Amino acid sequence: QKVESQPLLQANLAELPWPGCVIRASLRGSADEYKVRVDVASAVGGDVTGCEGNDCHATDTFVVPSEQDCARMCNAFPECRFWSAGTHDGAMRCYLRSDDRGHQVDADFAASARECAPGPTNFVPAQA
(Lines give C-alpha, C1' and ligand atoms only; values in the text may rest on other atoms or scores of the structure.)
Protein backbone atom coordinates (compact mmCIF):
# COMPACT_ATOMS: atom_id res chain seq x y z
CA GLN A 1 0.00 0.00 0.00
CA LYS A 2 1.57 3.27 -1.12
CA VAL A 3 0.97 6.29 1.09
CA GLU A 4 2.35 9.79 1.35
CA SER A 5 4.36 10.47 4.46
CA GLN A 6 6.00 13.29 6.30
CA PRO A 7 9.71 13.32 5.44
CA LEU A 8 11.80 11.70 8.14
CA LEU A 9 14.15 14.64 8.56
CA GLN A 10 11.25 17.05 9.03
CA ALA A 11 9.85 14.73 11.67
CA ASN A 12 13.17 15.06 13.57
CA LEU A 13 13.43 11.28 13.89
CA ALA A 14 17.03 11.40 12.71
CA GLU A 15 17.88 13.33 15.88
CA LEU A 16 16.77 10.48 18.15
CA PRO A 17 19.40 7.94 19.24
CA TRP A 18 19.44 4.43 17.77
CA PRO A 19 17.02 2.59 17.69
CA GLY A 20 14.44 5.26 18.57
CA CYS A 21 14.99 6.89 15.19
CA VAL A 22 13.83 3.77 13.28
CA ILE A 23 10.32 3.70 11.81
CA ARG A 24 8.74 0.25 11.95
CA ALA A 25 6.46 -1.17 9.21
CA SER A 26 7.85 1.16 6.56
CA LEU A 27 9.57 0.65 3.21
CA ARG A 28 10.93 4.04 2.12
CA GLY A 29 11.08 5.63 -1.34
CA SER A 30 10.36 2.64 -3.54
CA ALA A 31 10.40 4.52 -6.88
CA ASP A 32 13.27 3.85 -9.30
CA GLU A 33 14.25 7.52 -9.34
CA TYR A 34 15.19 7.32 -5.63
CA LYS A 35 17.44 4.25 -5.87
CA VAL A 36 21.06 4.84 -4.86
CA ARG A 37 23.32 2.45 -6.75
CA VAL A 38 26.65 2.02 -4.98
CA ASP A 39 29.61 -0.36 -4.95
CA VAL A 40 28.60 -2.55 -2.01
CA ALA A 41 30.99 -5.35 -3.03
CA SER A 42 34.05 -3.14 -2.52
CA ALA A 43 32.68 -1.77 0.77
CA VAL A 44 32.33 -5.24 2.31
CA GLY A 45 35.22 -7.02 0.66
CA GLY A 46 33.33 -8.61 -2.22
CA ASP A 47 31.30 -11.20 -0.28
CA VAL A 48 27.76 -9.87 -0.75
CA THR A 49 24.63 -11.43 -2.26
CA GLY A 50 21.14 -10.49 -3.39
CA CYS A 51 22.20 -7.49 -5.46
CA GLU A 52 19.98 -6.03 -8.14
CA GLY A 53 20.84 -7.62 -11.48
CA ASN A 54 23.54 -9.66 -9.69
CA ASP A 55 25.79 -6.57 -9.91
CA CYS A 56 27.04 -5.79 -6.42
CA HIS A 57 29.33 -3.06 -7.80
CA ALA A 58 26.30 -0.91 -8.75
CA THR A 59 23.29 -1.83 -6.63
CA ASP A 60 20.73 -0.28 -4.32
CA THR A 61 19.55 -3.64 -2.96
CA PHE A 62 21.48 -6.42 -1.20
CA VAL A 63 21.24 -9.02 1.58
CA VAL A 64 22.32 -8.03 5.11
CA PRO A 65 22.24 -9.90 8.43
CA SER A 66 20.36 -7.09 10.23
CA GLU A 67 18.77 -3.68 9.88
CA GLN A 68 21.73 -2.28 11.82
CA ASP A 69 24.04 -3.32 8.98
CA CYS A 70 21.75 -1.67 6.44
CA ALA A 71 21.77 1.57 8.44
CA ARG A 72 25.57 1.47 8.63
CA MET A 73 25.85 0.87 4.88
CA CYS A 74 23.65 3.87 4.12
CA ASN A 75 25.74 5.96 6.48
CA ALA A 76 28.91 4.86 4.65
CA PHE A 77 27.77 6.29 1.28
CA PRO A 78 27.21 10.08 1.05
CA GLU A 79 24.67 9.69 -1.77
CA CYS A 80 22.43 7.53 0.44
CA ARG A 81 19.99 9.63 2.46
CA PHE A 82 17.46 6.96 3.54
CA TRP A 83 17.48 3.20 4.10
CA SER A 84 14.96 0.39 4.50
CA ALA A 85 15.62 -3.13 5.72
CA GLY A 86 13.33 -6.12 5.97
CA THR A 87 12.52 -9.64 4.89
CA HIS A 88 11.83 -10.16 1.19
CA ASP A 89 12.08 -13.46 -0.68
CA GLY A 90 13.22 -15.19 2.51
CA ALA A 91 16.20 -12.94 3.22
CA MET A 92 16.89 -9.72 5.15
CA ARG A 93 17.38 -7.14 2.41
CA CYS A 94 18.70 -3.58 2.48
CA TYR A 95 17.45 -0.80 0.20
CA LEU A 96 19.36 2.49 -0.18
CA ARG A 97 17.50 5.63 -1.29
CA SER A 98 18.22 9.27 -2.10
CA ASP A 99 14.76 10.59 -1.24
CA ASP A 100 12.08 9.94 1.35
CA ARG A 101 8.95 10.75 -0.66
CA GLY A 102 6.35 8.03 -0.69
CA HIS A 103 6.59 4.64 0.92
CA GLN A 104 4.81 1.37 1.32
CA VAL A 105 3.47 0.19 4.64
CA ASP A 106 5.04 -3.23 5.24
CA ALA A 107 5.11 -4.95 8.62
CA ASP A 108 8.32 -6.79 7.69
CA PHE A 109 10.36 -3.61 7.14
CA ALA A 110 11.98 -0.81 9.11
CA ALA A 111 13.41 2.44 7.75
CA SER A 112 14.98 5.75 8.63
CA ALA A 113 17.26 8.56 7.54
CA ARG A 114 20.98 8.18 6.93
CA GLU A 115 21.80 9.78 10.29
CA CYS A 116 19.89 7.04 12.10
CA ALA A 117 22.52 4.34 12.58
CA PRO A 118 24.04 2.43 15.48
CA GLY A 119 27.62 3.11 16.53
CA PRO A 120 30.44 2.48 14.07
CA THR A 121 31.71 -0.96 13.23
CA ASN A 122 34.15 -2.43 10.75
CA PHE A 123 32.49 -4.00 7.72
CA VAL A 124 33.56 -7.57 7.17
CA PRO A 125 32.31 -10.00 4.54
CA ALA A 126 30.35 -11.99 7.15
CA GLN A 127 28.19 -8.90 7.84
CA ALA A 128 26.87 -8.73 4.31
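## Ground rules

Since this is a predicted model, local features need pLDDT of at least 70 and side-chain atom pairs count only at pLDDT 80 or more, while totals for chains, interfaces and linings use all residues. Residues are numbered from 1 along each chain as its sequence is written, and side-chain values use heavy atoms, with hydrogens and water left out.

## The disulfides at a glance

Let's start with the cysteines. How many disulfides does a search of the whole structure find? The search turns up four, where a disulfide is a pair of cysteine sulfur atoms within 2.5 Å. If you number the bonded cysteines of the protein chain in sequence order, the pairing reads 1-8, 2-3, 4-7, 5-6.

## C21 and C116

C21 is bonded to C116, with an S to S distance of 1.9 Å. The torsion about this S-S bond is about 75 degrees, so the disulfide of C21 and C116 is right-handed. C21 sits in the loop between β1 (2-3) and β2 (23-24), and C116 in the segment after β8 (109-113), so the pair ties together parts that are 95 residues apart in sequence. Helices (H or I, at least four residues) and strands (E, at least two) are DSSP runs, numbered from the N terminus.

Are these two cysteines buried or exposed? Buried means under 20% relative accessible area, exposed means over 50%, and partly exposed is in between (1.4 Å probe, protein chains only). C21 has a relative accessible area of 0%, so it is buried. C116 is also at 0% relative accessibility and counts as buried.

## Two more bonds

C51 and C56 are joined by a disulfide with an S to S distance of 1.9 Å. With 105 degrees about the S-S bond, this link of C51 and C56 is right-handed. C51 is buried at 6% relative accessibility, and C56 is buried at 12%.

Then there's C74 with C80, whose sulfur atoms are 2.1 Å apart. Which hand does this one have? The torsion about the S-S bond of C74 and C80 is about -100 degrees, so the disulfide is left-handed. C74 has a relative accessible area of 0% and is buried, and C80, at 0% relative accessibility, counts as buried too.

## Helix α2

C74 also belongs to α2, where it is listed as buried along with E67, D69, C70, A71, R72 and M73. Why is α2 (residues 67-76) described as largely enclosed by the rest of the structure? Seven of its ten residues are buried, so the rest of the structure largely encloses the helix.

What do the buried residues of α2 pack against? Their partners are β2, α1 (40-43), β4 (61-63), β5 (82-88), β6 (91-97) and β8, with contact meaning heavy atoms within 4.5 Å.

## Strand β5 and its partners

β5, one of the elements that α2 packs against, is mostly covered, with five of its seven residues buried. β5 pairs with β6 in the antiparallel sense, over seven bridges; two strands pair if DSSP finds at least two bridges between them. β5 and β6 form a hairpin with two residues between the strands, and here D89 takes a positive phi near 55 degrees.

β5 also runs antiparallel to β8, joined by five bridges.
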